[in-house]
Amino acid sequence: MTQDQYFCERDPQAFPLWQKAVVGIAGAGGLGSNIALMLARTGIGKLIVADFDTGSVSNLNRQAYDLSQLGMPKVQALEHNIRRVNPFIKLQMHELRLNPDNIASIFADADIMIEALDKAEEKQMLIETWLKSDQVRPLICASGIAGYGRNEDIKSIRDGNLFIIGDMHSEPVEGIAPMAPRVMIVAAMQANLCLEILAKHNKDKA
């Protein structure tokens, strides 16, 4: 299959802009793995993904992995899954834990950043580091994805180039993992917002 055949029936205005784009994703868990696959299916030109973790049984209820990938580094399993969906995408995968000293260099080429980390302190660290060093490139975060139902509570808020999606208050309960429906709703909204921002931003630059 050729690249032109694979990318059939795409939006003639937005798709060329997405092909030029580089998206950074911090985390390859429930949010990050699903965001990455959605963006790969859509036709984003390049993804930069960073995660230090390996797949476990408890991840399978919401993350884009299968039983055969348990114990594998998530970035390795995700790269395999993405390439099965879109063999034409460029991928830069980093198996490491993000910290204030490596975020800027790892995501230096990203046009836009998506936060998909698990722990509140990791999220806060990424937000503070990104906004401190970069006031131009957008950052899309998630807050409040635990539980089920309550679709009407999930929303998107904006503060300058910082975007936050979720219900803003749901906290995970000890021993109960987040579930696929709410995780994937927020992941889809993060990916969808990313596409919207990139299309507008790249169109303005053209």
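Colleague: Leaving aside neighbours within four places in sequence, with which residues is N34 in contact?

Modeller: This is a predicted model, in which local features need pLDDT of at least 70 and side-chain atom pairs count only at pLDDT 80 or more, while totals for chains, interfaces and linings use all residues. Residues are numbered from 1 along each chain as its sequence is written, and side-chain values use heavy atoms, with hydrogens and water left out. N34 belongs to helix α3, helices (H or I, at least four residues) and strands (E, at least two) being DSSP runs numbered from the N terminus. With contact taken as heavy atoms within 4.5 Å, its partners beyond four places in sequence are G29, R62, Q63, A64, M184 and A187.

Colleague: Is N34 buried or exposed, and at what relative accessible area?

Modeller: Buried means under 20% relative accessible area, exposed over 50%, and partly exposed in between (1.4 Å probe, protein chains only). N34 therefore counts as buried, its relative accessible area being 8%.

Colleague: How far apart are the C-alpha atoms of G27 and H94?

Modeller: G27 lies in the loop between β1 and α3 and is buried, at 0% relative accessibility. Beyond four places in sequence, the contacts of G27 include V49, D51 and L117. G27 and H94 are 67 residues apart along the chain, and their C-alpha atoms are separated by 10.0 Å.

Colleague: What is the C-alpha distance between T2 and F88?

Modeller: T2 is found in the segment before α1 and is partly exposed, at 42% relative accessibility. Along the sequence T2 and F88 are 86 residues apart, whereas their C-alpha separation in space is 9.3 Å.

Colleague: Within what arc do the buried residues of α4 fall?

Modeller: The 12 residues of α4 (residues 74–85) should span 16 Å at 1.5 Å a residue, and the end C-alpha atoms, 17 Å apart, agree with this; the expected span is 1.5 Å times one less than the number of residues. The buried residues of α4 are K74, V75, A77, L78, N81, I82 and V85. They line one face of the helix, because down the axis of α4 they fall within an arc (taken from the directions from the helix axis to the C-beta atoms) of 160 degrees.

Colleague: How far apart are the end C-alpha atoms of α6?

Modeller: The buried residues of α6 are E122, K123, M125, L126, I127, T129 and W130. Their cover includes β1 (22–26), α5 (103–106) and β7 (162–166). At 1.5 Å a residue the 14 residues of α6 should span 20 Å, which agrees with an end-to-end C-alpha distance of 20 Å.

Colleague: What is phi of R150 near?

Modeller: Most residues other than glycine have a negative phi, and most peptide bonds are trans. R150 is in the loop between β5 and β6 (155–159) and is partly exposed, with a relative accessible area of 30%. Its phi is positive in a residue other than glycine, near 55 degrees.

Colleague: Where is M168, and what is its phi near?

Modeller: M168 is in the loop between β7 and α7 (180–205). M168 is partly exposed, with a relative accessible area of 27%. Its phi is also a positive value in a residue other than glycine, near 75 degrees.
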